[in-house]
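Biologist: I'd like to learn how to read a structure like this one. Could you take me through it feature by feature?

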Amino acid sequence: MTEPAFFILTALVDEPRHGYGIVGEVSALSDGRVRLKVGTLYGALDRLVGDGLVEPDHDEVQQGRLRRYYRLTESGRRTLAAEAERQAANARAASERLRNWRLANNGGLS
Amino acid sequence: MTRLEERYRRVLRLLPAWYREVWEEDMVATYLASVDTSDPDDADYAADYGRPSWSEVASVVALAVQLRVGSACAAPRSTLWGHAIRLAALSAMLWHAASSAVGLLTGLWLAGVIPFLPPPPMPDEYRLLLYGQPWETFRIVGGLLWLPAYLLLVFGRWTAARWLTSIAVVATTVYMVWIERWPGDVFTVSSSYDRLLAILLVAAMFVVFHRDAPPIPRRPWLLALPYAMAVVIGYVILLQAAGSSLPPLDWDGVLSVVMVAAAVVYLSARRLGRSSDTWAPALAILAVAVLGMRAASLLDFALFRSFGWPSATVPLGIAEAIALSVVAVMLILLTSASMRRLPSTPGVRTW
């Protein structure tokens, strides 16, 4: 799973969001590191919708413009959970190795 | 509609019509919300004079390319194009790899390091030209990279293959720009066309070998390498046999003959119902590329000099160009018919 797709799914966990809402939430989740461009967002969204991980929720008209909201599907929730678990396992393995290395080299002082 | 919105919609025209039908309004709303500011004066200025940033345009261009060369969400017609470009790029890589492998073997032979195969007698000044110039070494090493790049591609290491190919192309291009500075050397039409094809090949490597692309069947593409090398070795033997004079068939002629032969084999197999639609667009792309190469070298003969080739090379080259044109037209017509049978949209979305 690509990083934008991971963050888009994460942004939709708690509530349905429209395109700009997803952009803002992804930026907040990644501490401003991932700033989705519109082409990137809709390329990823189209793929996630095609894979059945995201689906349209409802439409709203704001300032004369149609805003489409998207929500996570059950399959999307399961896929995200599996991906989060995989990334957490990777991070745990790396942290464990680093902790052992520090213990061996610095006596655990840093 | 503000000028900014007009400009953004103009950028979105790069996307396929079916995609715009589904996503355009949403994309425009998201884009305009992303550039909205709380200051009314700034907002008015941006609405009149603002333009989509290069990074926004680049993201739309990247999406348009993905949709047209067969990513997961592309239309069947685009998927076939993506597959055809992959086959054409693989075939071009195969040819480069075969030339690279033969170049490596020839270099080792000339250097006298192959056991039981003594090197041919070679004047010292020629040996110095081959091995004594740093720029020649640079060119040789750059040329040899095609072989590992091809093998990496076939074994699914696409990222490494892309970067090795890029380095090979940059090394050869730098060398060509360098030799142009030498008195008596000319930057020919065919060398410029060759660079253009190399850049297109690198671009294709980055675009069509994406994560949705199916894996390359290893066995046939690995088996194809010795066959392609046999063709190159056959031509090297022909050059050796010709001695100090050159044969009428030049290097672009060899490629033209191989291309026409491949097209004839495909068209014959198709008549017998033993080949699929997918090779027609790939061979059409290759036939047009080789035809351009043949035409460029013929133009060089007319504009500059014969480069040592006998006068018979020109009529032979014209005959090759005619044969290439005929097979190219037939393949384009077949491709057009195949494409028409496929839907140009991936199907209607559910909302």
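Biologist: Before we go on, what should I know about the numbering and the model?
Modeller: Residues are numbered from 1 along each chain as its sequence is written, and chains are lettered from A and ligands numbered from 1 in the order in which they are written. Because the model is predicted, local features need pLDDT of at least 70 and side-chain atom pairs count only at pLDDT 80 or more, whereas totals for chains, interfaces and linings use all residues; side-chain values use heavy atoms, without hydrogens and water.

Biologist: How many salt bridges does the structure hold?
Modeller: Over all chains there are 16. One of them joins R33(A) and E3(A), at 2.8 Å from N to O. R33(A) lies in the loop between α2 and α3 of chain A and E3(A) in helix α1 (residues 3–11), so this pair ties together parts that are 30 residues apart in sequence. Helices (H or I, at least four residues) and strands (E, at least two) are DSSP runs, numbered from the N terminus. R33(A) is exposed, at 56%, and E3(A) is partly exposed, at 37%.

Biologist: What does R17(A) form a salt bridge with?
Modeller: Its partner is E25(A), with the closest N and O atoms 3.7 Å apart. R17(A) counts as buried at 12%, and E25(A) as partly exposed at 24%.

Biologist: How do I read a sheet, and which strand order does the one in chain A have?
Modeller: Strands of a sheet pair through backbone hydrogen bonds, either parallel or antiparallel. Two strands count as paired if DSSP finds at least two bridges between them. Chain A has an open sheet of three strands in the order β1-β3-β2, with antiparallel pairing. Its edge strands, β1 (17–18) and β2 (54–62), each pair on one side only. Two bridges join β1(A) to β3(A), residues 65–72, and R17(A) stands opposite Y70(A) in β3(A).

Biologist: Now the interface: what area is buried between chain A and chain B?
Modeller: The size of an interface is often given as the accessible area lost when the parts come together. Here that loss (1.4 Å probe, summed over both parts) is about 2,100 Å², with carbon and sulfur atoms giving 56%. Taking contact as heavy atoms within 4.5 Å, 22 residues of chain A touch 27 of chain B. The count of salt bridges between the two chains is zero.

Biologist: Which elements of chain A supply the side that touches chain B?
Modeller: α2 (19–29), α3 (38–50) and β3 of chain A each supply at least two residues. The largest share, 11 residues, comes from α3(A).

Biologist: And where is S100(B)?
Modeller: S100(B) is in helix α5 (residues 76–110) of chain B and is buried, at 6%. Leaving out residues up to four places away in sequence, S100(B) touches G143(B), L144(B), L145(B), W146(B) and L147(B).

Conventions
Buried area is the accessible area (1.4 Å probe) that two parts lose on being put together, summed over both. A salt bridge is a side-chain nitrogen of Lys or Arg within 4 Å of a carboxyl oxygen of Asp or Glu. Buried means under 20% relative accessible area, exposed over 50%, partly exposed in between (1.4 Å probe, protein chains only).
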